[in-house]
Every structure is written in structure tokens, then in C-alpha cells.
Amino acid sequence: MLTIFLIISFWVGLILGSFLNCLVYRLRHKKTILGRSFCPLCKKKIKWYDNIPVLSFIFLKGRCRFCQQKISWQYPLVELLLGLFFAFSFYWRWPNPSLLLIGKDWIIFFGFVFIFVYDLKYLEVEDIIILPASVLIFVFSLFLGHNYFSLLLTTLIAVAFFGLQYLVTKGKGIGLGDLRIGVFMGVVCGSWPMLLVALFFAYVLGTFVSLPLLLRKKKKMKSMIPLGPFLVVGTFVAYFFGEAIISFYLG
Ligand SMILES: [Zn+2]
């Protein structure tokens, strides 16, 4: 039974990953969400058989059928990642995969991947995705029995944490986008110890990745390195291993 669920959720993840790629492109270029997919390079419409997640990328050897220009690795990677995450959610929650739990996991994973890709690519955050996702996660958490006060407080702490840095660095070290990511982190973590775990891993990872880049002068200003992807990975660690880490240290 689990195998069937894994296959279905992997497939749903692939489709939604494909949608996420499309969303990233269209939000950035202020295009309508509806309408047929087209090649971002030559603008030719993509046939349905060239639009199958991951497989089409392999068959076309990563190039557009018409203009032969290279298609970004982002496309198959995002699809595959979301497929794996969605399937993993079922595996993780088994044998009690309630609709609420899976729904919450999937919204969170979608948000994670969206923030990661968008911030990495454009150094920006899209409110139209991140805020509704945060509200949904909040509502799902309430139905799952989470304490609403703790959820709100954690969100407030996260926003205040980034807000303070924003004020101190006068917006140079941290952007307003990170405050919005703070909202998302707050509702995903749901409690301040979990938030602490998320921030800890985000900043440790951020330091490890940024230091060599800064030393080699590849990136001139600190503000050129987006914080979002690190925050996402940190929150990801907290979401999966937070409880284990906390109980390990607090006994
Ligand atoms: Zn093309």
C-alpha cells in the first residue's frame, strides 16, 4: 500500500514541481499564470510531449526542440526535488499519513523550494506565494493541534530577529524579503526552540558557504549572497530533525 502512495505522491510532486518552475518564471516576468508553456528563450509553445517532468529534459538532452538552446538544470532538478519530498512525506508519516499532515508537509516543501530557487535566482521574495503559504501552514497547524499562541509568538520572534538586523545594518546585510521569510519560518517552526535550531543551522551553513566566496572575492558585497536559501535549509533541518536535536540537548 505504501508503495502505491509513494508512486502517486512522487508523480504529484513532479507535476507541482513543473508548475513551480513555471510560477517562478511567470511571476518574475509578470506573465499570467494561465496559458500554455513556452520556451523562455525562443518563446515557441512547448508541445505536451515535450513538457513531461524530468523525462522530456532527458529525451531532449536538455535543449529546446526548436531553438536548440540549453534549458536550465533548474527545471528537472526542481521537479525531481519536489517529487522526492512529496514521496518522502508519505514515507515519513507512515503508517498514519493524515490528510492534514501530508497537506501541511507538501505546502511547506513547495514553499521551501520556491523560496530557495527564487531568492537564489533573483535575490528576491515573492509575497504572493510566501504569505498565502504561511497562512495555510498556520491554519493546518491549528487543526493539527498546535498552540496558536506559540505559532504567533515564534513568527513574531523570527520577524523581530530579522527586523532588528535590518535596522542595525540599515538594510545592507538583510533585505525586507528576509522578514517575509521570517514569517514563513515562524509558522513552519511553530516554537522558539525549533526556530533556534533553524536559525543556527542557517547561519552556520551560510558562514561555511559565504566565507570562501568572500575571501576569493567572487562576491564583493555580503548583500549579494542571498540569505533565503540558507534559511530554507536551516528550517528544513529543524522541521525534520528539530525535535530529535532539541531532545538530545535538553535530555
Ligand atoms: Zn526555444
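Methionine 185 contacts Ala158, Leu195, Ala198, Leu231 and Thr235, leaving aside neighbours within four places in sequence. Two residues count as in contact if their C-beta atoms, placed from the backbone, lie within 7 Å. The model is a predicted one: local features need pLDDT of at least 70, side-chain atom pairs count only at pLDDT 80 or more, and totals for chains, interfaces and linings use all residues. Residues are numbered from 1 along each chain as its sequence is written.

Met185 also belongs to the largest nonpolar core, which has 54 residues. A nonpolar core is a set of buried Ala, Val, Leu, Ile, Met, Phe, Trp, Tyr and Cys residues joined through C-beta atoms within 7 Å. A residue is buried if 20 or more other C-beta atoms lie within 10 Å of its own, exposed if 12 or fewer, and partly exposed in between, with C-beta atoms placed from the backbone. Leu82, Phe109, Phe110, Val113, Ile115, Met185 and Ala198 touch the most other members of the core. At least two core residues come from each of helix 1 (2-28), helix 3 (74-93), helix 4 (99-122), helix 5 (127-143), helix 6 (148-168), helix 7 (176-189), helix 8 (192-215) and helix 9 (228-250). Helices (H or I, at least four residues) are DSSP runs, numbered from the N terminus. Helix 4 gives the largest share, 11 residues. The core lies between domain 1 (1-97) and domain 2 (125-251), because both give residues to it. Domain bounds come from an automatic or database domain assignment. The C-alpha centres of the two domains are 26 Å apart.

Helix 3 has 20 residues. Its first and last C-alpha atoms are 28 Å apart, close to the 28 Å expected at 1.5 Å a residue. The expected span is 1.5 Å times one less than the number of residues. Buried residues of helix 3 include Tyr75, Val78, Leu82, Phe85, Phe86 and Phe90. Helix 1, helix 2 (55-59) and helix 4 are among the elements that cover the buried residues of helix 3.

Proline 95 sits in the loop between helix 3 and helix 4. The peptide bond from tryptophan 94 to proline 95 is cis, with omega near 5 degrees. Lysine 61 and glutamine 68 are found in the loop between helix 2 and helix 3. Lysine 61, not a glycine, has a positive phi of about 50 degrees. Lysine 61 is exposed, with 9 other C-beta atoms within 10 Å. Glutamine 68, also not a glycine, has a positive phi of about 65 degrees. Glutamine 68 is exposed, with 11 other C-beta atoms within 10 Å.
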